[in-house]
Amino acid sequence: MASGEDVERSHVVHIALKDEPITPVTARFIQRALHAAEQTNAECLVIELDTPGGLLQSTQDVVKAILVSRVPVVVY
């Protein structure tokens, strides 16, 4: 059995966007969540996404941030 120093606690960061269009504000919200997940060494970021659509540029910003993320991202 590993000592307490050898065991890392894992956690998952979860955010939810419910009935929210993808705008610069929601893109920044997702980018901040990605940053927080990276800073806390999260196992992954789960994005619960229920959106009617949104702005193309904001969506592209989110996709780019996800693609360069050091933390795995799960979108549900």
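A: One definition to start: two strands count as paired if DSSP finds at least two bridges between them. By that rule β2 (residues 44-50) pairs with β3, since 3 bridges join them, and the two run parallel. Keep in mind that this is a predicted model.

Q: Which residue of β3 stands opposite Leu45?
A: Val73 in β3 is the residue opposite Leu45.

Q: And how many bridges join β1 to β2?
A: There are 7 bridges between β1 and β2, and these strands also run parallel. In that pair, Ile15 stands opposite Ile47 in β2.

Q: So what does the sheet look like overall?
A: It is an open sheet of 3 strands in the order β1-β2-β3, with parallel pairing. β1 (12-18) and β3 (73-75) are the edge strands, each pairing on one side only. From one strand to the next the twist averages 15°.

Q: What packs on the sheet?
A: Helix α1 (residues 24-39) does, and it touches β1, β2 and β3. The direction of α1 makes about 170° with that of β1.

Q: Where does that sit in the chain order?
A: The protein chain has 2 helices and 3 strands. Starting at the N terminus, the elements run β-α-β-α-β. Take the contacts between residues at least 6 apart in sequence: 84% of them join residues at least 24 apart.

Q: Back to β1. Which of its side chains are buried?
A: Val13, Ile15 and Leu17, which point to one face.

Q: Now the core. Which residues touch the most other members?
A: The largest nonpolar core has 15 residues, and the ones touching the most other members are Val13, Ile15, Ile30, Leu34, Ala37, Leu45 and Ile47. At least two residues of this core come from each of β1, α1, β2 and α2 (56-68). The largest share, 5 residues, is from α1.

Q: What does Ile47 touch?
A: Leaving out residues up to four places away in sequence, Ile47 touches Ile15, Ile30, Ile66, Val73, Val74, Val75 and Tyr76.

Q: How much of the chain is buried?
A: Buried residues are 26% of the 76 residues in the protein chain.

Q: Let's do α2. How many residues has it, and what span does it reach?
A: α2 has 13 residues and reaches 19 Å from its first C-alpha to its last, close to the 18 Å expected at 1.5 Å a residue.

Q: Which residues of α2 are buried?
A: Ser58, Val62 and Ala65 are the buried residues of α2. They lie on the same side of α2 because they cover an arc of only 65° around the axis. The buried residues of α2 pack against α1.

Q: What is on the face turned away from that side?
A: That face of α2 carries the exposed residues Leu56, Lys64, Leu67 and Val68.

Q: Where are Asp19 and Asn41?
A: Asp19 lies in the loop between β1 and α1, and Asn41 is in the loop between α1 and β2.

Q: Is Asp19 buried or exposed?
A: Asp19 counts as exposed because its relative accessibility is 59%, and the cut-off for exposed is over 50%. Asn41 is exposed too, with a relative accessible area of 59%.

Q: Last one: what does His11 touch?
A: Not counting residues up to four places away in sequence, His11 touches Thr40, Asn41, Ala42, Glu43 and Cys44. His11 itself is in the segment before β1. The C-alpha atoms of His11 and Thr40 are separated by 8.7 Å, and these residues are 29 apart along the chain.

Q: And why does His11 count as partly exposed?
A: Because its relative accessibility is 30%, and partly exposed covers the values between buried, under 20%, and exposed, over 50%.

Terms used: Residues are numbered from 1 along each chain as its sequence is written. This is a predicted model: local features need pLDDT of at least 70, side-chain atom pairs count only at pLDDT 80 or more; totals for chains, interfaces and linings use all residues. Side-chain values use heavy atoms; hydrogens and water are left out. Helices (H or I, at least four residues) and strands (E, at least two) are DSSP runs, numbered from the N terminus. Axes are lines fitted to C-alpha atoms, for helices over the stretch in contact, and angles run from 0 to 180 degrees between N-to-C directions. Contact means heavy atoms within 4.5 Å. A nonpolar core is a set of buried Ala, Val, Leu, Ile, Met, Phe, Trp, Tyr and Cys residues joined through side-chain atoms within 4.5 Å. Buried means under 20% relative accessible area, exposed over 50%, partly exposed in between (1.4 Å probe, protein chains only). The expected span of a helix is 1.5 Å times one less than its number of residues. The arc is that of the directions from the helix axis to the C-beta atoms.
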